[in-house]
Structure formats: structure tokens, C-alpha cells
Amino acid sequence: MGKRGRLATAMAPPATALVPFPVFLAAFLLSVGTPALARSSSCPEGWQISPVQNKCFKCISASLSWDRSEALCHNSSGHLAALSSVQELIFAKSLCVSTSGCWVGGHHYNTSTGNGWKWSDDSSVWNETAFQIEALHANCSGTACGVANSNDLCTLITNSRTSISGKRCNEPHGLICMMDHVDRCYHDHCHKEYFIALIAVSGFILVTTFAVMIWLLVYRRSKKRRRSREALGASAAALVAPQWKVYTSEELRSITKNFSEGNRLPGNAKTGGTYSGILPDGSKVAIKRLKRSSLQRKKDFYSEIRRVAKLYHPNLVAVKGCCYDHGDRFIVYEFVANGPLDVWLHHIPRGGRSLDWAMRMRAATTLAQGIAFYIMLT
């Protein structure tokens, strides 16, 4: 591996460093996303969200006094409804199913510092613009309502009146409870959402982990193939034949003595015949004459020969050059003194002897190695 390759490998982050990222991301989503789901979830079962989306209301039709109604709402982690606008009043009236009306959280107070109305949750502010005290007293009926300094007056809503009425707190009516819709867990509701979030995040972890694993496998395999091709290319470059040449038909006729029968080598003449010859540098070659073809163009023939000529292997016959002359095609090989292999496999040349099985296996093995090398490079 060269200096550049070693530097790239040293600078590249380790593959395993990618794996903890989806786990970290999933943990972050689980810690941040699940509370967000709980905050944005709907009201508990049986409760209704207010028009301004910040309170939950529930109507209970049981006829109870105002104090017992407040205690019942308190058991549900809430209070009697504290209304802040006419819109909430209309919404609360739509929930009330009691024919006599429903208690809400307003009650009268009378102290040494003054008197007025307030809500039972002690945090909501009485909206005097929407719920005027004079109108509230005007709607009040009964002996106790006539006493201005009485603390026994509580607020009631009915479908027959457009505003809040003042009633004696010990009268039995239905009630409307209220709880704030902020960061609450409603028994099994949070557990269900947490379970859904857990399944979603677990699925995300699983899918992401599998995706990263598949990417790593594909990346490593492609990297291994690239290294193998680079190594093979380097070894093949070292084995490339020194050069090859495009001969003219006159040169080949001079080398083979005009393709005389004395220069013909044993082999199948149906393919065109093979002839021996001697190059000007004194090296002996074999010129294979292919059948005349008008289908293969000169450029394609040279391209194919150039590709084959670049292959050099001990078990492959080296290509020295070629010639294309008006459809006549010739390939110039290095000369193999013992002649074609098929003659030795199927016939006994003059003066030769039959090949034993050990020699035949050796020939088959070396032939397979040469073919494998050719297929790998092409």
C-alpha cells in the first residue's frame, strides 16, 4: 500500500464509530419525545378539552352539595370548574346534563376587608367583566341569597340562564370538575403513550442498526473488491508483454514464405490453418490464419487483439501481433515447439509417445489456470 493509501486509511474514522450514533439518537428521542407526547396528549378518559386547550372538564350528574362536589373533584386531582370567559361558560353549559344545573367553582366570601366572589382553586382570577357580581346576585333566589354578607352562596350554571346563577351551597345539583391540562399522567394513559413511544423508538433503533450493518457489509465488500482489483492490476501490469505489433500482409507473406505448405503447422485446417515463421530479429512465431469474415470490422478486431495481447501468463500463449487485410485476419503468437495440445491429447505425433495420466492432469491444471486468469482480467 502506498503512502497516500496509508494516509487515507489512517485519516478514515473507524467503522464501529458509526454504530453508537443511532443508539444515542434513539435515547435522545426517548428522553425528549416521550414527555412531549405526554404533554400534547388528550385529556383523561371521560374528560373534555376546553376551547383554549389548557383545561380539562368533566360533568358528573350526581346531585351533591357544593362542598361535597368540590371534595369529589379534588379526589380526581382537580377542582370545580373555574371559568375565565363567556366561551368557557358556553362550553361548560354544553357539558352539563343535570336538569337542575351544575355547580362550578365560584363561591361568595365575606371578610373584614371586604366581600366578593372567587374560584375554589385559589389561582384563577374572577373575570368581573364576563361575570358581574350584581347580575350574579340578581340571579340568586331564596332566603339566604337575600343576605348580602352571607358566605353560603355558590355558583351554578343552567341551560335556562345565559349567565352564572348564585345558589345556596347546600342545595343538591350536578357538578363540573376541572383540571389543568399541563404535564399530567392520567393513570394508564401515560403508560400507553410511553409504550407506543417505546415501540416506535425501538423500531427506529432496529431499522437504523440493520441499515448501518448492511451499509458496512456493502462498504467493506466493495473496498475488498477494489483492493483485489488494484492488486490484480498491479500484478498484471508487471506481466504485460513488452509490445505487440500490427503487421502488413506483405510482412506475413515474407515471414511464412507466402504461406507455403512447408511452413504449415499440424492442426485443424478448417479454421484457416497455422503457419510458422521467423521474424527479422530471429525469433520464431506461429501465424494463425482465421476464416475470412465481413462481419467483424477492422477496428473491432484490433481492439480485441489489443485486449488479449495485454494478458501475459505462463500458461497462456503470448500474442505478438496481428494483421487485418480486407477481411483476412491473422494473429501472430509466440512459437510453441511441441505443437498444438489437441494433437498430443487425441493423436500421437510422429516420433512422439502417448501422454500418461499424470501428464494429462498437469496439462488440464495449467490450462484451467490460464483460463481462470483470462476470465478474471476480462
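Colleague: I would like to start with strand S6, so how many of its residues are buried, and how should I read that word?

Modeller: Buried means under 20% relative accessible area, exposed over 50%, and partly exposed in between (1.4 Å probe, protein chains only). S6 is mostly covered, since five of its five residues are buried. This is a predicted model, in which local features need pLDDT of at least 70 and side-chain atom pairs count only at pLDDT 80 or more, while totals for chains, interfaces and linings use all residues. Residues are numbered from 1 along each chain as its sequence is written, and side-chain values use heavy atoms, with hydrogens and water left out.

Colleague: Which residues of S6 lie on one side, and which on the other?

Modeller: Leu153, Thr155 and Ile157 are on one side of S6, and Cys154 and Leu156 are on the other; all of these residues are buried, and both faces of the strand are therefore covered.

Colleague: Which strands pair with S6, and in what sense?

Modeller: Strands of a sheet pair through backbone hydrogen bonds, either parallel or antiparallel. Here two strands pair if DSSP finds at least two bridges between them, and the strands (E, at least two residues), like the helices (H or I, at least four), are DSSP runs numbered from the N terminus. Strand S4, residues 102-111, pairs with S6 in the antiparallel sense over three bridges, and in this pairing Cys102 stands opposite Ile157 of S6. Strand S7 also runs antiparallel to S6, to which it is joined by four bridges, and Arg168 in S7 is the bridge partner of Leu153.

Colleague: What is the handedness of the disulfide between Cys73 and Cys177?

Modeller: The sulfur atoms of Cys73 and Cys177 are 1.8 Å apart, and because the torsion about their S-S bond is about -80°, the disulfide is left-handed. It links distant parts of the chain, for Cys73 is in helix H3 (residues 66-75) and Cys177 is in strand S8 (residues 173-180), 104 residues apart. Cys73 counts as buried at 0% relative accessibility, and Cys177 is also buried, with a relative accessible area of 2%.

Colleague: How far is the sulfur of Cys322 from the closest cysteine sulfur?

Modeller: The closest cysteine sulfur to that of Cys322 is in Cys323, at 7.4 Å, which is too far for a bond. Cys322 counts as buried, at 0% relative accessibility.

Colleague: Turning to another sheet, what is the order of the strands in the open sheet of five, and which of them stand at its edges?

Modeller: The order in this open sheet is S9-S12-S13-S11-S10, with mixed pairing. Strand S9 (245-246) and strand S10 (274-278) stand at the edges and have a single partner strand each, so one side of each is left without a neighbour in the sheet. The partner strand S11, residues 284-289, pairs with S10 in the antiparallel sense over five bridges, and Ser276 stands opposite Ala286 in S11.

Colleague: Finally, how many aromatic pairs are there, and how are the rings of Trp215 and Tyr219 arranged?

Modeller: Rings of Phe, Tyr and Trp (its six-membered ring) pair if their centres lie within 6.5 Å; planes under 30 degrees apart count as stacked, over 60 as edge-to-face and the rest as tilted. The count by this rule comes to seven aromatic pairs. In one of them, the rings of Trp215 and Tyr219 have their centres 5.2 Å apart and their planes at 10°, so the pair is stacked. Trp215 and Tyr219 are four residues apart in helix H6 (residues 188-238), and are therefore separated by about one helical turn. Trp215 counts as partly exposed at 45% relative accessibility, and Tyr219 is partly exposed with a relative accessible area of 37%. Elsewhere, ring pairs link Trp117, Trp119 and Trp126 into a cluster.

Notes
Disulfide = S-S within 2.5 Å.
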